[in-house]
Amino acid sequence: MQDLIIIGGGPAGLTAAIYAARAGIVPLVLESLTCGGQTITTSEIENYPAIAKIEGWQFAEDLRRQAEAFGTDIRMERVTGLSLRGETKLVKTEKAEYEAKAVIIANGAKRRKLNCPGEVEFLGRGVSYCGVCDGNFFRGKTVCVIGGGNTALEDALYLSGICKKVYLIYRRAELRVHSVEADEVRAKENITLLFSNVPERIFGENKVTGIELRRTDGGENYQLETDAVFVAVGLEPENAVFAECVAVDEHGYLVAGETCETNVPGIYAAGDTRTKRLRQIVTAAADGAVAATTAAEYIRGLKK
Ligand code: NAP
């Protein structure tokens, strides 16, 4: 039986691992793909305290090394189920089944889909959910970014450095994000902001050649030539495998407050997967610290 299983190796999960290990509980971290979560697909991070600027992949690597240095056992296994046998938590993966005294769910959130025609058809052939990962395929070309949040702004800025032309397509009449990035986007000569526009259809033959847009303030639909469409319309949780065991809200986020405690004693939710106001690396890391501390108290209580 494991003392503590942490599901997810992003900033929340690995911070939880560091705090648990320092509290004398060596955790098992189960990660389905690559440690680092969304930081891997972030070009630069410049809002984490005391780190003026760092590339996303480097942040992820440093975090993984730090967690491993404290003895964390990280295994690449996708979790397929979570259930209870009395107080024992049963965590099922594609490869094994584990018993644990406590579980921290820190599985993050995934990119939301547009759900417009052509999106699925051209996935990997011009449609992408990650500017940093796929931007290089469109070096010197014309691309679109859909969305108006921090991710869309960052993707547009990153792509403007390698592409000839970037259209940032946003459904509102003006940006509602007030940040350094928003000012930088407005100032870039090769970024054109198209406000009050939503994608109707992505089209092409073997690969994307254009996008049809609908103006939300009226007028005819029109088409833009583009080589790629980068979708950055937000996040959604991926908690179906936990929903039988743990309470979720109407949007699918795990219901947990400041202490990260869910409705099940000994199961905690940390990071983007939890109901919360601000989803940032720093708030994910803070959750990880709180969840691990609360879990350690719970585990020590069981031993008495
Ligand atoms: P987000 O903040 O939820 O923004 C999603 C954007 O997509 C919004 O502009 C939204 O428009 C638009 N949108 C949603 N559904 C749409 C649809 N069907 N069609 C067209 N547009 C649609 O998501 P995010 O940018 O991925 O960021 C996720 C979280 O990570 C946020 O909490 C964000 O602050 C954080 N983050 C922070 C940083 C940073 O601090 N540097 C960087 C990246 C992400 P509306 O504005 O009209 O809702």
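Helices are DSSP runs of H or I with at least four residues, numbered from the N terminus. By this convention, Phe-59 belongs to helix α2, which covers residues 56-69. The model described here is predicted. It contains a protein chain with 6 helices and 19 strands, and 19 residues surround a ligand.

**Overall form of the chain**

- The protein chain has a radius of gyration of 21 Å, which agrees with the value near 19 Å that a compact globule of 304 residues would have.
- Along its principal axes, the C-alpha trace of the protein chain spans about 70 × 40 × 30 Å.
- Of the 304 residues in the protein chain, 50% count as buried.

**Surroundings of the ligand**

- Among the 19 residues that surround the ligand, the closest are Asn-47, Glu-154, Tyr-170, Arg-172 and Arg-176.
- The shell around the ligand consists of 5 nonpolar, 8 polar and 6 charged residues.
- Helix α4 (residues 150-160) supplies the largest share of this shell, namely 3 residues.
- Both domain 1 (2-110 + 235-303) and domain 2 (127-231) contribute at least three residues each to the shell around the ligand.

**Polar contacts and cover of the ligand**

- A polar atom in the side chain of Asn-47 is 2.7 Å from an oxygen atom of the ligand.
- For Arg-176, an N or O atom of the side chain lies 2.7 Å from an oxygen atom of the ligand.
- Arg-279 takes part through its backbone, where a polar atom is 3.2 Å from an oxygen atom of the ligand.
- On its own the ligand has 910 Å² of accessible area, and the protein covers 76% of that area.

- Phe-59 counts as buried because its relative accessibility is 8%, and buried means under 20%.
- Phe-59 and Ala-156 are separated by 97 residues in sequence, and their C-alpha atoms are 21 Å apart in space.

- Most residues other than glycine have a negative phi.
- Asn-115 is not a glycine, yet it has a positive phi of about 60 degrees.
- Asn-115 lies in the loop between β9 (109-111) and β10 (127-128), and with a relative accessible area of 68% Asn-115 is exposed.
- Cys-260, also a residue other than glycine, has a positive phi near 70 degrees.
- The loop between β18 (235-237) and β19 (267-269) holds Cys-260, and at 0% relative accessibility Cys-260 counts as buried.

Conventions: Residues are numbered from 1 along each chain as its sequence is written. This is a predicted model: local features need pLDDT of at least 70, side-chain atom pairs count only at pLDDT 80 or more; totals for chains, interfaces and linings use all residues. Side-chain values use heavy atoms; hydrogens and water are left out. A residue is near a molecule or strand if one of its heavy atoms lies within 4 Å of it. A polar contact is a pair of N or O atoms within 3.5 Å; within protein, one must be able to donate a hydrogen and the other to accept it, and residues adjacent in sequence count only if both atoms are side-chain atoms. Accessible areas come from the Shrake-Rupley method with a 1.4 Å probe; for residues, only the protein chains shown count as cover. Helices (H or I, at least four residues) and strands (E, at least two) are DSSP runs, numbered from the N terminus. Ala, Val, Leu, Ile, Met, Phe, Trp, Tyr, Cys and Pro count as nonpolar, Asp, Glu, Lys and Arg as charged, and the others, Gly among them, as polar. Domain bounds come from an automatic or database domain assignment. The radius of gyration is taken over C-alpha atoms; the globule rule is 2.2 Å times the number of residues to the power 0.38. Buried means under 20% relative accessible area, exposed over 50%, partly exposed in between (1.4 Å probe, protein chains only).
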